[in-house]
Amino acid sequence: HTRTHRRTHTDAYTHTLFNFKMKKSDSTKSLLIKSEQLLRIEDHDFAIRPGFGGAAIPVGIDVQVESIDSISEVNMDFTMTLYLRHYWQDDRLAFPSSNNKSRTFDARLVKKIWVPDVFFVHSKRSFIHDTTMENIMLRVYPDGNILYSVRITVTALCSMDFSRFPLDTQNCSLELESYAYNENDLMLYWKNGNDSLRTDEILLSQFFIEEFNPSFGLAFYSSTGWYNRLYINFLLRRHIFFFMLQTYFPTMLMVMLSWVSFWIDRRAVPARVSLGITTVLTMSTIITGVSASMPQVSYVKAVDIYLWASFLFVFLSVIEYAAVNYFTTIEEMKKHKGGTVPTTFNTAEAMAFDGCFHDNDIDLQPFPDISGPNASDQPTSHHNSAQSPASEGTWLHRKRSVRKNLDFIMSNSYMIDSYSRALFPLAYLLFNIIYWSMYS
């Protein structure tokens with residue numbers, strides 16, 4: 001029991017001695033070195049800039065990009081989180097120090113002194129992070145040099161050109177400028193030149209960052225004058241593999257699927273018609289889906305050219321079968337004597353055979369042969385008999401040649417499918433070669 005009492009007495013003494021030392025070393029208890037009194041905040045008017053009435057105050061800018069959160073094609077903007085640091089000198093905040101060490105403060109002191117009013121040009125919305133406290137840091141050096149750092153997320157406009165989408169590159173920039181002070185009062189500049197812009201490792205889902213560099217310039221406003229402006233430029237190149245899987249490969253497969261119709265018997269009407277309609281509807285769905293995820297621009301995009309050209313190939317395959325079916329019907333009707341379908345011809349069998357109902361006793365009168373022996377008996381005027389230019393004979397010869405070719409195709413409609421099996425793939429291959437050589 002005695003030992004326990006002694007131990008308790010010793011712990012109490014140690015605790016009292018520790019508190020005494022802490023109170024002695026706690027500098028915040030002394031009114032002489034309070035922050036506001038040390039920096040003489042009450043002695044100056046911080047509503048005006050340092051060196052008011054003299055030369056423009058230089059303010060250096062240093063940016064570290066933490067992340068690019070999103071890039072929206074529909075809204076034509078991007079969202080970026082960054083650390084924005086300002087460097088300037090304010091002699092009004094200089095203080096004596098024996099060890100030449102700086103003092104660091106948070107957002108509560110920032111509201112009582114002058115800080116640059118830098119804003120983001122073309123920004124749609126932005127905010128300073130405030131968890132768990134406002135992400136603001138102020139560091140004051142004895143000679144009056146100041147470092148002011150703030151963590152910001154900003155969404156800014158990026159004017160994008162989609163004429164080569166999705167094989168495009170986009171050049172976006174975040175612009176910084178003083179809102180109230182023109183170049184006569186405040187001079188913005190990059191603190192360390194090209195090294196003033198630093199980035200962490202940034203990975204984007206649809207883009208690859210090719211360049212990230214700072215630049216500067218001047219902006220003119222008719223009412224207030226010239227202002228210094230800083231730019232954070234970054235060049236984005238889009239990853240094509242995502243769109244190959246989502247758009248290009250399905251489109252190619254639909255076009256190839258439409259070619260299957262050329263190997264199906266031309267008498268199998270339900271199979272070929274349903275295949276053609278299915279591919280056309282699928283292509284329409286793909287085009288609608290791509291258009292819904294893109295802004296409504298007034299010019300043609302690269303993906304639009306590919307999709308609509310592929311849609312044309314699918315549509316032509318349906319038209320090809322319509323021509324084959326029509327010529328097959330004419331061919332079967334001409335096989336009957338005198339070009340007349342007999343009354344015993346079964347219309348149900350005709351529908352199953354070529355997909356078309358035929359009226360009974362369809363009379364197919366042949367075209368009059370103007371070159372036959374009766375042609376000389378036709379009455380002609382003296383003017384027409386006297387005039388026989390060579391051009392008219394050439395026109396008649398071409399007309400007969402076209403008619404012969406048309407009659408040959410109508411009597412051999414199966415050849416249309418044979419030619420289409422080679423022409424359609426070759427034409428689509430040629431289109432792909434031209435397309436990818438132009439846009440890749």
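The model is predicted: local features need pLDDT of at least 70 and side-chain atom pairs pLDDT 80 or more, while totals for chains, interfaces and linings use all residues. Residues are numbered from 1 along each chain as its sequence is written, and side-chain values use heavy atoms, leaving out hydrogens and water.

Start with the sulfur atoms of C158 and C172, which form a disulfide at 1.9 Å (a pair of cysteine sulfur atoms within 2.5 Å). The count by this rule is one. The pair links distant parts of the chain, 14 residues apart: C158 lies in the loop between β7 (145-157) and β8 (169-178), and C172 in strand β8. Strands here are DSSP runs of E, at least two residues, and helices are runs of H or I, at least four, numbered from the N terminus. The S-S torsion of C158 and C172 is about -75°, so this disulfide is left-handed. Both cysteines are buried (under 20% relative accessible area, 1.4 Å probe, protein chains only).

Stay in strand β8 and select E175. E175 is buried at 10% relative accessible area. Its side chain makes a polar contact of 3.0 Å with that of R229 (N or O atoms within 3.5 Å, one able to donate a hydrogen and the other to accept it). Residues touching E175 (heavy atoms within 4.5 Å) include F119, H122 and Y231.

Finish with helix α5, residues 269-292. Its 24 residues reach 35 Å from first C-alpha to last, close to the 34 Å expected at 1.5 Å a residue. Among its buried residues are R272, G276, T279, M283 and I287. An α-helix has 3.6 residues a turn, so residues three or four places apart point the same way.

Note on methods
The expected span of a helix is 1.5 Å times one less than its number of residues. Buried means under 20% relative accessible area, exposed over 50%, partly exposed in between (1.4 Å probe, protein chains only).
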